[in-house]
Amino acid sequence: MKQKILVVDDEPEAVELVEFNLRQAGYAVSTATDGVEALKKARSQTPDMILLDVMLPEMDGFEICKTLRLEAATSKTPILMLTAKAAEIDRVLGLELGADDYLTKPFSPRELLLRIKKILSRGGAAEEKTKDQLRYGDLLIDVPRHVASWKGKAIELTATEFKLLTTLAQRTGRVQSRDSLLRDVWEYDSLIDTRTVDTHMRRLREKLGPAAKHLDTVRGVGYRFVE
């Protein structure tokens, strides 16, 4: 079955280009040109991923992203923000609201497809040579089911947040640099903004609550998981 991608953008030429390339790559595509339509289709069609433009009429992409993350049915749906804004504050805001990644316009179709493939792969099968379950006190990480829980209560994490947590937990005690996390979690060969890692770590800690005690910051280097 084809994976479904919802493209949200109010520029007809941009939508046409993205839709064509996605269909050529084997994805099923639906589109929306404003926030109301985007929310309606995200709720009714349960897409595997959402490409969300920031600059939209009536309701911008940031507000849509925040709304989707607060609803159970779409809280884990991967979101890739598309933005013409290159300012760091805009990129960070999108990530803080729950987007999995961002791509600044103009972008190449090849780069877009690469980002989509890598984001979708984070919610796939667990990596080889990993334990099915990782338990650290009251924190349980069920790798095959992609579920983390604290004292038996599930913690709502996006696919990217779960992979970040699992990667750190599987390397307990070993410091992971931001560059290595970008490579192993986001699977980027070339260096991009390391604030991506910091922003996701901040969101992950907020969601983990008391379990965040297992995440340690090593100043000037990166992060590590501690028991």
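Visitor: How much of the protein counts as buried?
Guide: Of its 227 residues, 50% count as buried. Keep in mind that this is a predicted model.

Visitor: And what is it built from, in helices and strands?
Guide: There are eight helices and 12 strands.

Visitor: What about the radius of gyration?
Guide: The protein has 17 Å. A compact globule with 227 residues would be near 17 Å, so the value agrees with that.

Visitor: What box do the C-alpha atoms fill?
Guide: Roughly 50 × 35 × 30 Å along the principal axes.

Visitor: Back to the chain. Of the contacts between residues at least 6 apart in sequence, how many join residues at least 24 apart?
Guide: That share is 59%.

Visitor: Switching topic: how many aromatic pairs are there?
Guide: The structure holds one. Tyr 136 and Phe 225 have ring centres 4.6 Å apart. Their planes are at 55°, so the pair is tilted. Planes over 60 degrees apart would count as edge-to-face.

Visitor: Where do the two residues sit in the chain?
Guide: Tyr 136 is in strand E6, residues 133–136, and Phe 225 is in strand E12, residues 222–225.

Visitor: Is Tyr 136 buried or exposed? And Phe 225, buried or exposed?
Guide: Tyr 136 has 12% relative accessibility, so it counts as buried. Phe 225 is at 0% and counts as buried too. The cut-off for buried is under 20%.

Visitor: Last one: what about the charges?
Guide: There are 36 positive and 36 negative charges, and their mean positions are 6 Å apart.

Definitions and conventions
Residues are numbered from 1 along each chain as its sequence is written. This is a predicted model: local features need pLDDT of at least 70, side-chain atom pairs count only at pLDDT 80 or more; totals for chains, interfaces and linings use all residues. Side-chain values use heavy atoms; hydrogens and water are left out. Helices (H or I, at least four residues) and strands (E, at least two) are DSSP runs, numbered from the N terminus. The radius of gyration is taken over C-alpha atoms; the globule rule is 2.2 Å times the number of residues to the power 0.38. Buried means under 20% relative accessible area, exposed over 50%, partly exposed in between (1.4 Å probe, protein chains only). Contact means heavy atoms within 4.5 Å. Lys and Arg count as positive and Asp and Glu as negative; His and the chain ends are not counted. The place of a charge is taken as NZ of Lys, CZ of Arg, CG of Asp or CD of Glu. Rings of Phe, Tyr and Trp (its six-membered ring) pair if their centres lie within 6.5 Å; planes under 30 degrees apart count as stacked, over 60 as edge-to-face and the rest as tilted.
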